[in-house]
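Trainee: I am new to this structure. Please walk me through how to read it, feature by feature.
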Amino acid sequence: MADTDTIVVIGGGIAGVSCTETLSTLCKNESITLVTASPLIKAVTNFKQISRRLEEFDVVENPSSELQEAHRNVTVLQAKVVSIDPLKREIVTSNGKTVPYTKLCICTGGSPKLIMKDDPNVIGIRDTESVSQFQTKLGGSRRVIIVGNGGIATELAYEIGDCEVVWAIKDKSISSAFVDAGTAQFFLPHLSGDKNVQEGPMKRVKYTVKPSPASSSESGAKGGALGPDWSLGIPMNGQVQRSRHVRVEYECEIKEIISLAEIRQRNLKVDKIGDIEDENTDWPVYALLTNSKLYGCDFIVSATGVVPNGNELVMQDLDLKLAADGGVIVNDCMKTNIDHIYAAGDVCSASWDWAPHWLQMRLWSQARQMGCYAAQCIKADLNDKAISLDFCFELFAHVTKFFGYKVILLGKFNGQGLDDEYEILLRMTKGVEYIKVILKDGRMQGAILIGETDLEETFENLILNQLDLSRYGEDLLDPGIDIDDYFD
């Protein structure tokens, strides 16, 4: 392969940068071009391998020049890809540059599912620019409505202070994208009162980019997704000096967004909360929920998940096969249906036969894993070698933080795909820890660990080894028994 051969990666998020960095190490004789619409790119730092399959890391935003300095065979091109020609094997960018490729990896991520587009009173949180917009709005706000029940919605509900919060969720319990109703009960007391204060210095490095005539918001380009510590050190305070309070509206969605003029015209009654409003209080926007509640607020945060950006590629006349969720279909080598084109991260949908204890969720941890593995697949393909599916796809393993607690999710942590044919073991110390184990036929299928339990490596091994635990019964979670000694 000649020195001038170029591998192209599209997307400056976690998947794209992880793919680029891994390619730089594996393919030292090839040049690699990373095409990103944003002047800032994501990078993984403070990486810690908690167990063989569980990893913890921070995400920083760096100028693209730092990536080029660290990896001499990498060039970063700041532009938006406007077309891809798989026959000529080249891409064309928004600044008119044509870039040929030997292999192409698409890591363009996903976009927020906004409940209403082009409404100034509704914002989605996905990248640094949208967080800045959120902070600006929140600073002068008395009340916000959060719609959604995933990770970002959960973090917002906990972090926002000096501002009333109405949290509208379509489920029967909070944070249902990650935990079941029983686990949610452990978190509920933390929706009011003082929250845990983060001690120590903030790890995330912040960079500010001056607006330009071709800013990402104006051009339609999207920055990389936020990292796992995105809310750390970011002020989230409104203008109402009062203790934290979140009102949760269960099993509902926003039915209609209404203006004050429409409220008066239709003679609708607005529901009141607390003491920051009276009959004469006017709000910039009103939300009518499907449970018939009508609340006024300063703005609405749409945090209902992401949509893979696969459809944008189809619009470029690229005949990529898409899954039902809009993700680009990839096989177990991260290949798409088009020769020499790969995909990784939020933009893709894993179409291979999953391992019994793995599932795809569009999370930062999986974006990094997929990006690194896609680079390995590209290297193997260049050398005409076969490659086995990486061991990170044997077991779903994710670590995050909710309500100030460390949260670890392993395997089928909510009994996914087990058809309710399983039993649950629980151990809880209020305000300290919560442990939930999923067992089927006496074998561990998944677990949720909240707090500093130190059980993650043991449980990971028990899930993978499928050891029959029937004889231990409820003693498996007996705090007086050190189960690490039994199974490590």
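Trainee: How many bridges join strand β1 to strand β9?
Mentor: Strands of a sheet pair through backbone hydrogen bonds, either parallel or antiparallel. Here, β1 (residues 6-10) and β9 (residues 103-106) run parallel and are joined by 4 bridges. Two strands count as a pair if DSSP finds at least two bridges between them. Strands are DSSP runs of E with at least two residues, helices are runs of H or I with at least four, and both are numbered from the N terminus. One place to look is V9, which stands opposite C105 in β9.

Trainee: What should I know about the model itself before going on?
Mentor: This is a predicted model: local features need pLDDT of at least 70, side-chain atom pairs count only at pLDDT 80 or more, and totals for chains, interfaces and linings use all residues. Residues are numbered from 1 along each chain as its sequence is written, and side-chain values use heavy atoms, with hydrogens and water left out.

Trainee: Which strands make up the open sheet with parallel pairing?
Mentor: The order is β5-β2-β1-β9-β21, 5 strands in an open sheet. β5 (74-78) and β21 (341-343) each have a single partner strand, so one side of each is left without a neighbour in the sheet. Neighbouring strands are turned by 20 degrees against each other on average, direction ignored. Axes are lines fitted to C-alpha atoms, for helices over the stretch in contact, and angles run from 0 to 180 degrees between N-to-C directions.

Trainee: Which strands does helix α1 lie across?
Mentor: Helix α1 (residues 14-26) lies across β1, β2 (31-36), β5 and β9. It runs at about 170 degrees to β2. Contact here means heavy atoms within 4.5 Å. Helix α9 also packs on the sheet, touching β1, β9 and β21. The direction of α9 makes about 165 degrees with that of β9.

Trainee: Is strand β4 mostly covered or mostly open?
Mentor: Mostly covered: 7 of the 9 residues in β4 (residues 55-63) are buried. Buried means under 20% relative accessible area, exposed means over 50%, and partly exposed lies in between (1.4 Å probe, protein chains only). Across the protein chain, buried residues make up 54% of the 488 residues.

Trainee: What is the strand order in the open sheet of 3 strands?
Mentor: β6-β7-β8, with antiparallel pairing. The edge strands, β6 (81-85) and β8 (98-100), each pair on one side only. Strand β7 (residues 90-93) pairs with β8 over 3 bridges. In β8, T98 is the bridge partner of V92.

Trainee: Which residues of the largest nonpolar core touch the most other members?
Mentor: In soluble globular proteins, nonpolar side chains tend to be buried together. A nonpolar core is a set of buried Ala, Val, Leu, Ile, Met, Phe, Trp, Tyr and Cys residues joined through side-chain atoms within 4.5 Å. The largest one has 100 residues, and I84, I106, F134, I160, W167, F187 and M334 touch the most other members. Its largest share, 9 residues, comes from α9. Leaving out residues up to four places away in sequence, F187 touches several residues, including I174, F402 and Y405. Another core lies apart, with 23 residues, among them L410 and M444.

Trainee: How many salt bridges does a search of the whole structure find?
Mentor: Side chains of opposite charge can pair when their charged atoms come close. A salt bridge is a side-chain nitrogen of Lys or Arg within 4 Å of a carboxyl oxygen of Asp or Glu. The search finds 17. In one of them, D298 pairs with R142, with the closest N and O atoms 3.6 Å apart. The two sit 156 residues apart, D298 in the loop between β17 (294-297) and β18 (299-302), R142 in the loop between α3 (128-139) and β12 (143-147). D298 is buried, with a relative accessible area of 13%.

Trainee: How far apart are the N and O atoms in the salt bridge of R362 and D325?
Mentor: They are 3.1 Å apart. R362 is partly exposed at 26% relative accessible area, and D325 is partly exposed at 37%. Finally, look at R53, E394 and E460, which are linked in a network of salt bridges.
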